[in-house]
Protein chains: 4
Amino acid sequence: MPGSHPGSDPAVTPGVTPGALPRYAFLGPAGTFTEAALRQVVSPDDAEYLPQVDVVSALEAVRIGTADYAVVPIENSVEGGVTATLDTLATGDSLVVLGEALVQVEFVLAGRAGTRLDHVERVSTHPHAWAQCRRWFNANLPAAVHVPATSTAAAAALLARTPAAADPGFDAVLVAPLSAERYGLEVLARHVADNESAVTRFVVVGRPGDLPAPTGADKTSLVVHLASNDAGALLEMLEQFAARGVNLSRIESRPIGDLLGRYSFSIDAEGHIAEERVAEALMGLHRACPYVRFLGSYPRADRAVTEVRPGTADLDFAAARDWVEAQRRRPE
Amino acid sequence: MPGSHPGSDPAVTPGVTPGALPRYAFLGPAGTFTEAALRQVVSPDDAEYLPQVDVVSALEAVRIGTADYAVVPIENSVEGGVTATLDTLATGDSLVVLGEALVQVEFVLAGRAGTRLDHVERVSTHPHAWAQCRRWFNANLPAAVHVPATSTAAAAALLARTPAAADPGFDAVLVAPLSAERYGLEVLARHVADNESAVTRFVVVGRPGDLPAPTGADKTSLVVHLASNDAGALLEMLEQFAARGVNLSRIESRPIGDLLGRYSFSIDAEGHIAEERVAEALMGLHRACPYVRFLGSYPRADRAVTEVRPGTADLDFAAARDWVEAQRRRPE
Amino acid sequence: MPGSHPGSDPAVTPGVTPGALPRYAFLGPAGTFTEAALRQVVSPDDAEYLPQVDVVSALEAVRIGTADYAVVPIENSVEGGVTATLDTLATGDSLVVLGEALVQVEFVLAGRAGTRLDHVERVSTHPHAWAQCRRWFNANLPAAVHVPATSTAAAAALLARTPAAADPGFDAVLVAPLSAERYGLEVLARHVADNESAVTRFVVVGRPGDLPAPTGADKTSLVVHLASNDAGALLEMLEQFAARGVNLSRIESRPIGDLLGRYSFSIDAEGHIAEERVAEALMGLHRACPYVRFLGSYPRADRAVTEVRPGTADLDFAAARDWVEAQRRRPE
Amino acid sequence: MPGSHPGSDPAVTPGVTPGALPRYAFLGPAGTFTEAALRQVVSPDDAEYLPQVDVVSALEAVRIGTADYAVVPIENSVEGGVTATLDTLATGDSLVVLGEALVQVEFVLAGRAGTRLDHVERVSTHPHAWAQCRRWFNANLPAAVHVPATSTAAAAALLARTPAAADPGFDAVLVAPLSAERYGLEVLARHVADNESAVTRFVVVGRPGDLPAPTGADKTSLVVHLASNDAGALLEMLEQFAARGVNLSRIESRPIGDLLGRYSFSIDAEGHIAEERVAEALMGLHRACPYVRFLGSYPRADRAVTEVRPGTADLDFAAARDWVEAQRRRPE
């Protein structure tokens with residue numbers, strides 16, 4: 001992704017001072033899983049990294065212009081924030097997703113040099129990290145108690161900066177391997193996550209105007225409101241996709257909040273708005289639904305090529321349009 | 001319809017010799033219900049009427065150029081011919097429907113002057129006419145027998161030209177009121193049709209190139225093949241209409257004939273191909289179905305204005321397209 | 001079919017006098033294509049054949065009890081009558097279809113012994129038969145004219161009974177091979193039908209109460225009304241079939257006639273009402289549509305085994321019902 | 001709800017020792033929003049309250065039998081846990097939802113007696129609570145920093161039990177009004193939540209066997225897997241609801257995790273499994289989808305009566321079944 005990402009070419013990116021490095025806000029501090037995702041997107045040599053206290057702050061930094069891009073977790077995150085990301089993107093000034101990155105959820109238990117695993121009684125980490133390692137602790141350190149921290153990296157940072165003689169309030173931290181390494185901690189146990197195959201998905205967010213070119217392996221993210229929770233209303237919305245052969249890779253309903261019974265859907269569709277079938281489906285949504293927000297078309301992190309069903313390629317749309325035009329034409 | 005019909009302005013109609021009257025083939029002879037329909041379309045003062053022996057001949061006359069237009073029954077006809085019309089339009093060189101006309105199905109029993117109703121024993125008419133008056137004969141002339149004729153008007157013509165002293169082979173004819181009048185016959189009984197509210201629908205057919213302008217009260221006729229008789233295949237086809245808010249006023253399946261289990265659908269959709277929602281639905285059919293034939297967009301005879309559902313007017317399509325274009329646009 | 005048909009076992013058929021042969025009304029006279037269909041259904045040795053003047057008479061004979069069964073054409077007929085059959089079944093006292101038969105559409109040109117083909121100028125036959133052989137006559141006897149008859153067999157019968165010295169009004173007849181044979185006519189030309197692969201479908205009709213057992217290769221015929229011509233209303237109706245994996249082999253819309261914009265659909269679905277997926281689809285139609293008439297479940301003439309999609313076999317329905325019951329159950 | 005809830009009648013509830021109070025596990029400690037929800041469900045006089053450290057522990061307590069019921073947040077929670085609740089219910093031994101409760105999200109800033117609002121610099125609370133009051137702090141105490149706690153109530157408890165002379169590590173807590181009251185803290189500011197109309201939804205969970213009686217205002221919760229992310233597969237699943245007129249009040253897709261491209265849907269449908277339209281929709285899902293888990297039918301907390309569309313009441317199902325049975329019946 002680094003090569004194709006608009007952020008890697010600041011000369012053509014709106015809002016980026018020529019000559020300056022592009023500024024990336026992210027869920028900090030240094031050492032978080034989000035930083036691992038950011039490193040996939042752009043090297044620290046080619047960008048200015050701006051850690052933020054939470055997801056909303058990172059996205060707001062782009063809106064107000066103190067950052068050019070933000071990298072935030074959006075799905076299945078161990079740092080929290082999915083809901084915050086989705087809701088912040090769904091309302092307020094428009095932002096668009098420019099790319100995504102996947103980071104494997106991997107935890108280590110780490111402590112100061114010399115810490116013995118069987119002496120660990122108090123473990124500091126973010127509550128979501130704690131939740132994802134419960135089975136390991138039940139089996140291996142059943143007496144351990146949780147000392148919450150604002151992020152996994154924050155716990156590591158606090159441990160690192162506390163004088164050796166002082167008690168930081170806990171004996172070990174539950175963190176990403178990168179965090180342990182970065183803060184010079186000793187790894188006491190590896191592979192402590194209950195589900196080693198879990199990954200967190202992060203998105204790169206920018207201001208509208210940046211639209212990555214289609215790659216054939218893209219996603220389009222949307223927010224769509226329905227007028228009612230009638231099963232027929234949902235079916236009609238989905239038929240806008242089905243009638244053009246567009247598959248969905250994610251759909252989530254969320255109450256709109258202002259009125260009982262009105263729903264907002266957060267949707268990832270397969271394909272790029274530059275493709276005819278996606279464009280026509282979006283047109284259909286725009287006509288049929290009270291509200292549609294386009295959150296961007298961008299390359300998939302897994303590079304899975306979009307399956308194009310027969311009759312739904314751009315050529316098919318062009319041929320169909322030509323055919324209709326030929327029928328419409330009247331002689332001079 | 002006469003004023004707006006392309007046939008009424010031969011100067012701009014392709015295939016029509018300037019200065020000459022447009023030539024209309026129709027299911028003859030003079031006095032048929034089809035002639036009554038033709039009179040609604042164009043006055044005999046403004047056109048050359050060319051009676052044909054059957055529906056196929058009338059349509060072929062347009063194909064080979066011996067007529068400019070054809071008027072033929074297409075639905076619920078008393079003269080037969082629905083299947084012949086549909087099948088002849090569905091295959092062979094392209095023809096398009098330019099308009100339609102409705103004629104009320106009204107029959108009279110007529111004979112030579114002085115014929116007594118209670119003496120009528122043999123009644124000549126087309127079999128379809130006989131079928132539509134069975135209940136009346138059962139109730140009023142139960143002993144009457146049917147003497148078939150090639151058309152209702154042909155029976156009237158034969159009676160009129162048979163010398164008074166000779167026996168034409170029947171005592172009375174079952175015909176349209178116009179036929180009785182035209183052939184100088186005496187009406188023995190009126191309102192003999194079992195269903196007085198029935199109407200027959202006729203279509204005006206021409207060569208491609210003539211496309212009537214949209215009026216807001218139009219129909220679009222199509223032939224669509226499906227690849228299978230899977231209920232899902234039919235649903236997918238109908239969703240191409242539903243996703244654009246296009247209603248159907250008629251749908252009929254017909255076996256294609258070449259392969260078991262393949263079906264052809266004859267469809268009338270509400271609206272005109274010049275309207276965006278109809279055009280996009282046709283594009284969808286063109287992409288999704290193995291075969292689509294456009295049989296024309298033309299004003300409805302009943303002038304019922306098309307109900308345009310919210311979000312499906314041309315303005316809605318234009319707004320949706322503009323919105324998608326705005327999302328797609330990348331800055332220079 | 002003869003062995004399995006209820007008509008072949010009069011002892012257990014309601015309305016059939018024990019000891020007497022079952023009575024079959026059919027579109028006569030002897031020698032019609034309908035008689036050929038009837039012979040497929042039941043041998044003349046095992047049934048009383050009752051020729052009728054038209055389709056409506058044949059069906060009414062069953063309604064009033066003067067016949068036990070009727071055999072009438074229903075689709076693609078050369079004798080006319082599809083519409084009459086469909087409409088007569090769709091309204092009035094209930095009748096049910098008990099079986100079907102296919103007869104190949106095959107015509108011969110026949111005359112009295114010694115007739116020379118190149119002397120044939122006037123050809124008597126039913127108008128539909130004439131229509132189906134037009135191309136042959138155009139190519140081989142372009143000067144021949146049509147003399148209409150009430151049925152193909154009637155023309156043959158008239159020719160046979162006219163004294164040799166008298167002129168029946170025509171030189172030859174266009175009839176089924178069986179007709180020529182039965183009336184002792186000489187075949188002047190064979191294979192004169194324009195489409196040699198066409199078949200006509202006939203149905204065996206009886207009073208409700210006779211329901212053929214499922215064979216795995218069955219059809220279910222229905223009449224369904226929709227409340228509106230909204231594309232959504234048609235989709236909802238079809239989804240009642242699709243949600244249970246039931247395919248349709250025929251669907252035709254017909255205006256109801258009493259109110260503009262209300263439609264009746266004539267439908268053949270694959271499967272038998274004794275099968276769960278068909279029964280549940282019919283329940284869905286009964287709930288969702290203003291009117292549903294069941295016209296019978298009966299073996300297909302082509303014996304094509306119904307394709308049962310995964311999850312729609314009777315066992316799947318039983319398993320699903322058991323599962324729901326298990327979830328519903330409360331402990332004592 | 002207390003009167004109708006099975007938990008209120010331990011004599012008939014399986015797994016509940018006669019004479020003993022029913023045991024309710026909940027997300028503790030005392031004073032959480034979850035306890036507020038639990039109090040709506042059953043009075044502490046009629047039940048044993050068993051606080052748990054997290055959602056998974058509360059649900060597991062029911063599975064292993066150390067509690068009879070669990071009350072846990074499921075949607076929009078300020079305590080976290082939605083994902084944990086959904087995922088724990090979706091896999092492992094079956095649990096069913098027996099009821100739900102809504103608690104308004106209301107926060108106060110509280111401290112020891114005498115604390116001055118403008119002296120508050122460090123605020124302890126659960127991260128989700130902090131996230132929901134960001135705008136208030138930005139506007140009123142922009143310099144305040146967050147000190148994370150395992151729950152809002154835990155922060156209050158820690159403040160309450162820390163000797164007055166000692167520093168608990170923060171100056172104030174952000175908690176539910178009940179927490180402030182329970183721990184004897186002084187309210188420094190009220191209405192500090194950014195969205196005062198937000199509510200959290202909690203569910204009462206038990207072992208299968210308890211199925212609340214239908215009330216006419218019920219929900220049914222399900223987990224459904226699809227075989228693919230084809231838009232058609234999702235449409236087919238939703239048509240199982242639409243074909244029976246069942247509306248959905250919530251639908252969320254979640255990756256299944258074992259295989260890329262397979263999705264699990266968490267669904268709340270309107271109505272009760274004891275109602276025919278819901279039961280038939282569940283049967284349809286059971287037949288059409290690779291996996292369905294029934295998570296219970298229970299009264300809605302908002303008591304909104306289910307809108308029953310025409311043709312989908314139990315009487316309509318019974319009438320449809322009777323009609324189909326009448327068509328199926330053969331005479332003896």
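Copies of a chain are superposed here by least squares on the C-alpha atoms of residues with pLDDT of at least 70 in both. Handled in this way, chain D superposes on chain C through a rotation of 179° with 0.0 Å of shift along its axis, at an RMSD of 0.1 Å. The two copies are thus related as by a two-fold rotation axis.

The model is predicted, and local features are reported at pLDDT of at least 70 and side-chain atom pairs at pLDDT 80 or more, whereas totals for chains, interfaces and linings use all residues. Residues are numbered from 1 along each chain as its sequence is written, and chains are lettered from A and ligands numbered from 1 in the order in which they are written.

Chain A holds ten helices and 14 strands, where helices (H or I, at least four residues) and strands (E, at least two) are DSSP runs numbered from the N terminus. Of the 332 residues of chain A, 57% count as buried; a residue is buried if 20 or more other C-beta atoms lie within 10 Å of its own, exposed if 12 or fewer, and partly exposed in between, with C-beta atoms placed from the backbone. Two residues are in contact if their C-beta atoms, placed in that manner, lie within 7 Å, and among contacts in chain A between residues at least 6 apart in sequence, 77% join residues at least 24 apart.

C:Leu285 sits in helix 9 (residues 276–288) of chain C and is buried, with 25 other C-beta atoms within 10 Å. Leaving aside residues up to four places away in sequence, C:Leu285 touches C:Val224, C:Met237, C:Gln240 and C:Val292. The C-alpha atom of C:Leu285 is separated by 50 Å from that of C:Ala139, 146 residues apart along the chain.

Where chain D meets chain C, 29 residues of chain D are in contact with 29 residues of chain C. On the side of chain D that touches chain C, the elements giving two or more residues are helix 8 (231–242), helix 9 (276–288) and helix 10 (314–328) of chain D, and helix 10 of chain D gives the most, with eight residues. This side divides into 16 nonpolar, seven polar and six charged residues, where Ala, Val, Leu, Ile, Met, Phe, Trp, Tyr, Cys and Pro count as nonpolar, Asp, Glu, Lys and Arg as charged, and the others, Gly among them, as polar. Because 100% of the interface residues of chain D are also interface residues in chain C, the copies meet through the same surface.

The contact between chains B and C takes 31 residues from each of chain B and chain C. Helix 8 of chain B gives the most to the side of chain B that touches chain C, with eight residues, and by class this side has 15 nonpolar, ten polar and six charged residues. Chain B can be laid on chain C by a turn of 180° and a shift of 0.0 Å along the axis, with an RMSD of 0.1 Å.
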